[in-house]
Amino acid sequence: MEGGAGEEGKQERHLVLAHKLFLLSHPAVDDLSKVALRAEVLDAVKSDDMAPLFESLVAAGVLEPDAALLAEMRGRIDDEIRKLDEKIADAEENLGESEVREAHLAKSLYFIRVGEKEKALEQLKVTEGKTVAVGQKMDLVFHTLQIGFFYMDFDLISKSIDKAKNLFEEGGDWERKNRLKVYEGLYCMATRNFKKAASLFLDSISTFTTYELFPYDTFIFYTVLTSVITLDRVSLKQKVVDAPEILAVIGKVPHLSEFLNSLYNCQYKSFFVAFSGLTEQIKLDRYLQPHFRYYMREGTVTVHCSWEASLQD
């Protein structure tokens, strides 16, 4: 989970892996697709020497045991940790505070890369102790948040969001503050607080840079889904239906434009056809899937409320 804000279209690779792991466990994904997914997961695990994840996936029967591969990965990890510790010792003995911090950060990022969750979190705390600038402290929180989303550790995510907000009271730039809104919006959506998620996502439409979490069209998908079941008719028109940023992208997501516009225009037959088309995307999304039944129920309630509101227009 290296780097800060992702480049456009560049999703953080461990979050890509997390989605593939989710699909591998999903009953709606066919066996042939799972064969390909399993190969992609193994490649990702091998490329980052994710020995702890490999062991847990073998124990769960997702991957085949391979003692030689595990030993190779463990050996490379031990070698790299030894080198990183030597760099830290050298920086502490011969270099300045900035170099010491960078050496500790490198070790943190390595633990994240190989999937050593607890060691990564501990090393991030050590790095934070060597960090003065608020912006750099915030970047450490973003790394922690990405760990949280990989493991769906909502307690870690919640505490990290609170920590970030406290840091912003000391200062911090608008770019990082705007990025935090999307992280918090994703947390709210994943914990079924759709109303707050919609508000945070809508605030971020014109400033979105969090490509490390998901591409912009996925962000618009989440924004429309959360807005449709939480906004009143007037707000939906102003903030979503007529929003140029949404209009520019909505056609890239199958059924989404019909879903939004048929609801607003009271074309309920078309709405339910589009809603049906969206169900698979909702089911196959690791953040939305636990709330699938709730969302379907709320969508139906929304139609009734929309119809009543349209009579008053």
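Modeller: Asp48 sits in the loop between α2 (31–47) and α3 (51–59). Helices here are DSSP runs of H or I with at least four residues, strands are runs of E with at least two, and both are numbered from the N terminus. This is a predicted model: local features need pLDDT of at least 70, side-chain atom pairs count only at pLDDT 80 or more, and totals for chains, interfaces and linings use all residues. Residues are numbered from 1 along each chain as its sequence is written, and side-chain values use heavy atoms, with hydrogens and water left out.

Is Asp48 buried or exposed? Asp48 counts as buried because its relative accessibility is 5%. Buried means under 20% relative accessible area, exposed means over 50%, and partly exposed lies in between (1.4 Å probe, protein chains only). The side chain of Asp48 has two partners to look at. Another, at 3.2 Å, joins Asp48 to the side chain of Arg113. A polar contact is a pair of N or O atoms within 3.5 Å; within protein, one must be able to donate a hydrogen and the other to accept it, and residues adjacent in sequence count only if both atoms are side-chain atoms. Setting aside neighbours within four places in sequence, Asp48 is in contact with Arg13, His14, Arg113 and Val114. Contact means heavy atoms within 4.5 Å.

Now step back to the whole chain. The secondary structure comes to 16 helices and 0 strands. The C-alpha trace spans about 75 × 50 × 30 Å along its principal axes. Of the 313 residues, 48% count as buried. Take the contacts between residues at least 6 apart in sequence: 61% of them join residues at least 24 apart.

Next comes the interior. In soluble globular proteins, nonpolar side chains tend to be buried together. The largest nonpolar core here has 97 residues, and Val224 and Phe259 touch the most other members. Such a core is a set of buried Ala, Val, Leu, Ile, Met, Phe, Trp, Tyr and Cys residues joined through side-chain atoms within 4.5 Å. Helix α7 gives the most to this core, with 9 residues. Beyond four places in sequence, the contacts of Phe259 include Val224, Leu225, Phe271 and Tyr295.

Ser262 lies in helix α14 (residues 256–264). Ser262 counts as buried because its relative accessible area is 3%. A polar atom of the Ser262 side chain lies 3.2 Å from the backbone nitrogen of Phe271. The Ser262 side chain also reaches the backbone oxygen of Glu258, at 2.3 Å. With neighbours within four places left aside, Ser262 is in contact with Ser257, Gln267, Ser270 and Phe271.

Val253 is found in the loop between α13 (244–249) and α14. Val253 is buried, at a relative accessible area of 7%. Not counting residues up to four places away, Val253 touches Asp217, Phe221 and Gln281. Its C-alpha atom is 14 Å from that of Leu284, which is 31 residues away along the chain.

A pocket is found on a 1 Å grid over the protein atoms alone: it is an open set of points where a 1.4 Å probe fits, with protein on both sides within 12 Å along at least five of seven lines, and lining residues have an atom within 4 Å of a point. Volume is the space filled by probe spheres set on the points, and grid points are joined across faces, edges and corners.

The largest pocket holds about 340 Å³ of space. It is lined by 18 residues, and the closest to its centre are His19, Thr218, Tyr222, Leu284 and Asp285. Two or more lining residues come from each of α1 (13–24) and α11 (216–228). Helix α11 gives the largest share, 4 residues.

The second largest pocket has a volume of about 250 Å³. Of its 14 lining residues, the closest to the centre are Leu121, Lys125, Thr144, Leu156 and Lys163. The elements giving two or more residues are α6 (117–129), α7 (134–151) and α8 (154–168). Helix α6 gives the largest share, 6 residues.
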